[in-house]
Amino acid sequence: LPHTRAVNPLPIIVKSETLTLPLAPDSKQNYSRRAQDSTDGKNVTSEIQVIRLGDVALISAPGELFGEIGLAIENTSPFHTTFVAGYANDNLGYLCTETSTREGGYEPKNQISLETERRLLQTSRAALLAAKA
C-alpha cells in the first residue's frame, strides 16, 4: 500500500459523551423502537464514544449516519485521522441532516429527532476534544 504510514498508537484513551435528542413529533409511530422506550416521553439519550490511538480517533455514531454529518465530524476533528463508525453502541435509526429534513424523503420522515445534526456535531466535538486533552 503506497500511501500507508506508521502510526504511534500511544496514548490510548477512551472517552464517552451522552447524546440527548428531543423526540420528533411522529418518532413513536415511525421507525425507531428507541423512541418508544423513552423514559420521559420527550427525549432519548445515547452515547458518543471516542477511542484514541495516538493521533487517530475512532468515533461512534448511534445509528445510520448521513454522509454529510460524518464528513463534518472528520473535517472538524482535532486528530490527524478520524474514522466515524455508524451503528455503534446503539441504533437510533436515521441520523439526518437539517437540509434533508427540509427536503423531505423517507429517512427524514422516519427520524427520531429533528435536532440530530446540530446535537450530534456538538456532542462529537466534545468527545473528540476530551480525548485529545
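The secondary structure of the protein consists of 5 helices and 6 strands, where helices (H or I, at least four residues) and strands (E, at least two) are DSSP runs numbered from the N terminus. This is a predicted model, in which local features need pLDDT of at least 70, side-chain atom pairs count only at pLDDT 80 or more, and totals for chains, interfaces and linings use all residues. Residues are numbered from 1 along each chain as its sequence is written, and side-chain values use heavy atoms, with hydrogens and water left out.

**Overall fold and dimensions**

- Along the sequence, the elements follow the pattern β-α-β-β-β-α-β-β-α-α-α.
- Taken along the principal axes, the box filled by the C-alpha atoms is roughly 50 × 30 × 20 Å.
- Among contacts with a separation of 6 or more, 73% are between residues 24 or more positions apart, a contact being heavy atoms within 4.5 Å.

**Surface and charge**

- Of the 133 residues, 40% count as buried, meaning under 20% relative accessible area, with exposed set at over 50% and partly exposed in between (1.4 Å probe, protein chains only).
- The protein exposes about 7,400 Å², of which carbon and sulfur atoms supply 52%; accessible areas come from the Shrake-Rupley method with a 1.4 Å probe, and for residues only the protein chains shown count as cover.
- There are 13 positive and 15 negative side chains, and the centres of the two sets are 6 Å apart. Lys and Arg count as positive and Asp and Glu as negative, while His and the chain ends are not counted; each charge is placed at NZ of Lys, CZ of Arg, CG of Asp or CD of Glu.

**R52**

- R52 belongs to strand 2 (residues 43-53) and is buried, with a relative accessible area of 10%.
- Beyond its neighbours within four places in sequence, R52 contacts P11, I12, I13, F79, A131, K132 and A133.
- The R52 side chain reaches the backbone oxygen of G54 at 2.6 Å.
- From R52 to E107, the separation is 55 residues in sequence and 31 Å in space, C-alpha to C-alpha.

**T123**

- T123 is part of helix 5 (residues 116-132) and is buried, at a relative accessible area of 13%.
- Not counting residues up to four places away in sequence, T123 touches E17, T18, L19 and I48.

Technical notes: A polar contact is a pair of N or O atoms within 3.5 Å; within protein, one must be able to donate a hydrogen and the other to accept it, and residues adjacent in sequence count only if both atoms are side-chain atoms.
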